Amino acid sequence: MPLPASAQLLRPPEERAVVHPEVDRAFIGRLVREFYGRVRRDERLGPIFGAEIAGSWEPHLEKMTDFWCSVILKDGSYSGRPVPAHTKLEQVREADFDVWLGHFRAVAVELCPDGVAQAFIDRAERIAKSLRLAMFFRLERPSGAER
């Protein structure tokens, strides 16, 4: 049974798989590796990622390739839980997401075929917004509220 019109307004638009002859797992793997290469060289982000990932970069890059294949190709290759993995990172500041997104946008624009970069960027921005909310948004208790 279809949802009433009022309920349909609350639903986010469905994300579809990106279908382009150049966008496959190999392409996404190159994009992930270029992006994380820039992150590793970044003064702020490099030490954060380096401390967390240490000597296990290749497994992390494969996991991130799975993640982005799931996000872009909708192939179901990723089954992890990114929010708990990120909420434990105490050294991450909210402003770090702007740096992360800056690197991601630049890599997407440089590597993606025509008409594809925006899909990567839009999804990265949505993911960053979700992680920001999970990591930094806290409701304040009204003053005088019982504990």
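**Helix packing and the nonpolar core**

Helices H6 (96–111) and H7 (117–136) pack at about 165°, with axes 9 Å apart. They are therefore roughly antiparallel (over 145 degrees). Their crossing is right-handed. From H6, the contact (heavy atoms within 4.5 Å) includes Phe97, Trp100, Leu101 and Phe104. From H7, it includes Phe120, Ile121, Ala124 and Leu131. By class, this contact has 14 nonpolar, no polar and four charged residues.

The model is predicted: local features need pLDDT of at least 70 and side-chain atom pairs pLDDT 80 or more, while totals for chains, interfaces and linings use all residues. Residues are numbered from 1 along each chain, and side-chain values use heavy atoms, without hydrogens or water.

Helix H2 (residues 25–41) packs on helix H4 (residues 57–72) at about 125°, with axes 9 Å apart. That angle makes H2 oblique to H4. H2 passes H4 in a right-handed crossing. Among the contact residues are Ile28, Val32 and Tyr36 of H2 and Trp57, Leu61, Met64 and Trp68 of H4. The contact of H2 with H4 has nine nonpolar, three polar and six charged residues. Beyond its neighbours within four places in sequence, Tyr36 contacts Phe49, Trp57, His60, Leu61 and Met64.

The largest nonpolar core has 41 residues. Its members are buried (under 20% relative accessible area, 1.4 Å probe, protein chains only) and joined through side-chain atoms within 4.5 Å. Ile28, Tyr36, Trp68, Trp100 and Phe120 touch the most other members. H2, H3 (45–53), H4, H6 and H7 each give two or more residues to this core. H7 gives the most, with nine.

Terms used: Axes fitted to C-alpha atoms, helices over the stretch in contact; angles between N-to-C directions. Helix = DSSP H or I, 4+ residues; strand = E, 2+ residues; numbered from the N terminus. Parallel < 35°, antiparallel > 145°, perpendicular 65-115°, else oblique. Left-handed = near helix turned anticlockwise from the far one by under 90°. Nonpolar A, V, L, I, M, F, W, Y, C, P; charged D, E, K, R; others polar. Buried < 20%, exposed > 50% of the residue type's maximum accessible area, 1.4 Å probe, protein only.
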